[in-house]
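Here is a short report for a first look. Keep the sequence and the structure in view as you read.

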Amino acid sequence: MVKRVAIVGAGVSGLASIKCCLEEGLEPTCFERSSDLGGLWRFTEHVEEGRASLYKSVVSNSSREMSCYPDFPFPEDYPNFVPNSLFLEYLKLYSTQFNLQRCIYFNTKVCSITKRPDFAVSGQWEVVTVTNGKQNSAIFDAVMVCTGFLTNPHLPLDSFPGILTFKGEYFHSRQYKHPDIFKDKRVLVVGMGNSGTDIAVEASHLAKKVPFLMLPSKTSILTCMSLLNRV
């Protein structure tokens with residue numbers, strides 16, 4: 001009997017997981033809560049619940065040679081560091097090349113994944129999903145969770161005494177989309193990771209002033225929080 005595998009998420013890892021399962025003679029079923037594949041690399045103007053969020057200018061921070069699937073290189077006319085729109089196009093080319101989309105259920109949210117009562121013997125899982133308000137349940141022999149780790153923002157407000165009485169705006173980089181919001185503002189960028197540096201550079205073209213603030217430990221890597229003073 002063919003083993004059934006549930007895959008949660010149709011981003012970079014989810015697509016590769018579908019392909020690997022098919023190559024091993026397994027039966028993969030991928031559940032994607034949004035309306036399209038791409039995961040992190042699909043830009044939207046608004047933040048979507050349960051998905052990582054990009055700003056418009058995001059470009060890959062590793063070269064195309066280091067970022068591609070081993071058996072499917074980026075097209076030769078792609079730049080060495082790939083803009084998010086082209087990265088998404090590449091993922092769709094990959095899906096088409098290996099006929100992966102036939103295994104994906106879009107607009108389907110996974111509500112729960114639980115071991116069956118006879119798990120010690122069968123090793124099977126029950127996966128409950130919701131599509132268009134209708135709940136479904138299915139049994140799988142294995143589950144692969146491919147949802148990434150950039151969905152939940154790290155916003156340590158307790159590190160900033162007085163933040164609740166701050167009269168400007170504050171938000172995490174997850175909410176950032178375009179630099180227009182910084183025009184003529186004084187902007188403090190907290191964190192000097194990839195997002196923090198990108199956003200500070202973009203803000204510098206429109207804002208009055210853009211200082212950096214480094215935080216101790218791993219916070220500077222995990223967080224880019226912008227604080228805007230109103231003019």
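The report below covers a sheet, a core, a helix and a loop residue in a predicted model.

## The sheet

Four strands form an open sheet in the order β3-β2-β1-β7. Their pairing is parallel. β3 (104-105) and β7 sit at the edges, and each pairs on one side only.

β1 and β2 (residues 27-31) run parallel and are joined by five bridges.

## The nonpolar core

The largest nonpolar core holds 37 residues. L15, I18, Y90, L91 and F182 have the most contacts inside it.

β1 (4-8), α1 (12-23), α3 (84-97), β9 (186-190) and α5 each give at least two residues. The largest share comes from α3, with five residues.

## Helix α5

Helix α5 covers residues 194-204. Its buried residues are G196, I199, A200, E202 and A203. Seen down the axis of α5, they fall within an arc of 165°, so they line one face of the helix.

An α-helix has 3.6 residues a turn, so residues three or four places apart point the same way.

## A buried loop residue

T151 lies in the loop between β7 (142-145) and β8 (169-172). Is T151 buried or exposed? T151 counts as buried because its relative accessibility is 15%, and the cut-off for buried is under 20%.

Leaving out residues up to four places away in sequence, T151 touches G50, R51, A52 and R174.

Methods
Residues numbered from 1 in each chain as written. Predicted model: local features only at pLDDT ≥ 70, side-chain atom pairs only at ≥ 80, totals over all residues. Heavy atoms only, no water. Buried < 20%, exposed > 50% of the residue type's maximum accessible area, 1.4 Å probe, protein only. Arc of directions from axis to C-beta. Core = buried A, V, L, I, M, F, W, Y, C linked by side-chain atoms within 4.5 Å. Contact = heavy atoms within 4.5 Å. Pairing = 2+ DSSP bridges.
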